[in-house]
Amino acid sequence: MLFSGDFSAVVCQSDSGSGSAQTGGVSRGASGGAVKDILADKGGEIHTITTGHTVQEVIDTLNSFKIGALVVADDNNCPIGIVSERDVVVGIGQKGKELFAEKVDTIMTANPVCCAPDARVHDVMQKMTDGRFRHMPVVSDGKLCGMISIGDVVRKRLLELEYENKQMMAYMSG
């Protein structure tokens, strides 16, 4: 199952009034960029699955899109869980090949930690590190509007550091 969203709308759904200016994908706002900046750079594909699907279908979807996790969404596109490669591996270790025929909810992590589009990248990175997970659904008004990975967050932070470094070098050289 694939959900495509229009992220131009997500970028405009600011609750916090962060007002960070953009230059080449790098936020100039305080405390690092916002998650909505990452979503705008990534594009609009969100891969989801429902609890009615099997673990084999999870594996097939992860493989076909070359991704590491799927949001488990209800009929209203609200995230109710997340299922990752790690969940599949742990499930196989516990149940063996019988796991493949079972439903997604037997291995998913229910009630995943989510963030809002206006969440600060630094805060999201800290939550992911502390919780030891690599994927986080992004929710606005209770609806799924994106998914970010630790790789997305690290890439964003590296771009910010590069920008800051260039600004510092320009300042020091004149």
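Reader: How many residues does helix α6 have, and what distance does α6 reach from its first C-alpha to its last?

Author: In this predicted model, local features need pLDDT of at least 70, side-chain atom pairs count only at pLDDT 80 or more, and totals for chains, interfaces and linings use all residues. Residues are numbered from 1 along each chain as its sequence is written, and side-chain values use heavy atoms, with hydrogens and water left out. Helices (H or I, at least four residues) and strands (E, at least two) are DSSP runs numbered from the N terminus. The expected span of a helix is 1.5 Å times one less than its number of residues; α6, residues 150–173, is close to the expected 34 Å, for it has 24 residues and reaches 34 Å.

Reader: Which residues of α6 are buried?

Author: Buried means under 20% relative accessible area, exposed over 50%, and partly exposed in between (1.4 Å probe, protein chains only). In α6, the buried residues are D152, V153, K156, E160 and Y163.

Reader: Which residue follows α6, and what is its phi?

Author: The helix covers residues 150–173. Next comes G174, with a positive phi near 145°.

Reader: How many salt bridges does the structure hold?

Author: A salt bridge is a side-chain nitrogen of Lys or Arg within 4 Å of a carboxyl oxygen of Asp or Glu. Side chains of opposite charge can pair when their charged atoms come close. The number of salt bridges in the structure is 6.

Reader: How far apart in sequence are the parts that the pair of K36 and D118 ties together?

Author: The closest N and O atoms of the salt bridge between K36 and D118 are 3.0 Å apart. K36 belongs to helix α2 (residues 35–42), whereas D118 lies in the loop between β7 (109–110) and α5 (121–131), so the parts tied together are 82 residues apart in sequence.

Reader: Are K36 and D118 buried or exposed?

Author: D118 has a relative accessibility of 9% and counts as buried. For K36 the relative accessible area is 7%, and K36 too is buried.

Reader: What separates K166 and E162 along helix α6?

Author: K166 and E162 form a salt bridge whose closest N and O atoms are 3.4 Å apart. K166 is exposed at 52% relative accessibility, while E162 is partly exposed at 43%. The two residues lie 4 residues apart in α6, so their separation is about one helical turn.

Reader: Which residues are linked with R157 in a network of salt bridges?

Author: R157 meets E164 in a salt bridge of 3.8 Å, N to O. R157 is partly exposed at 27%, as is E164 at 43%. The residues linked with R157 in the network are E160 and E164.
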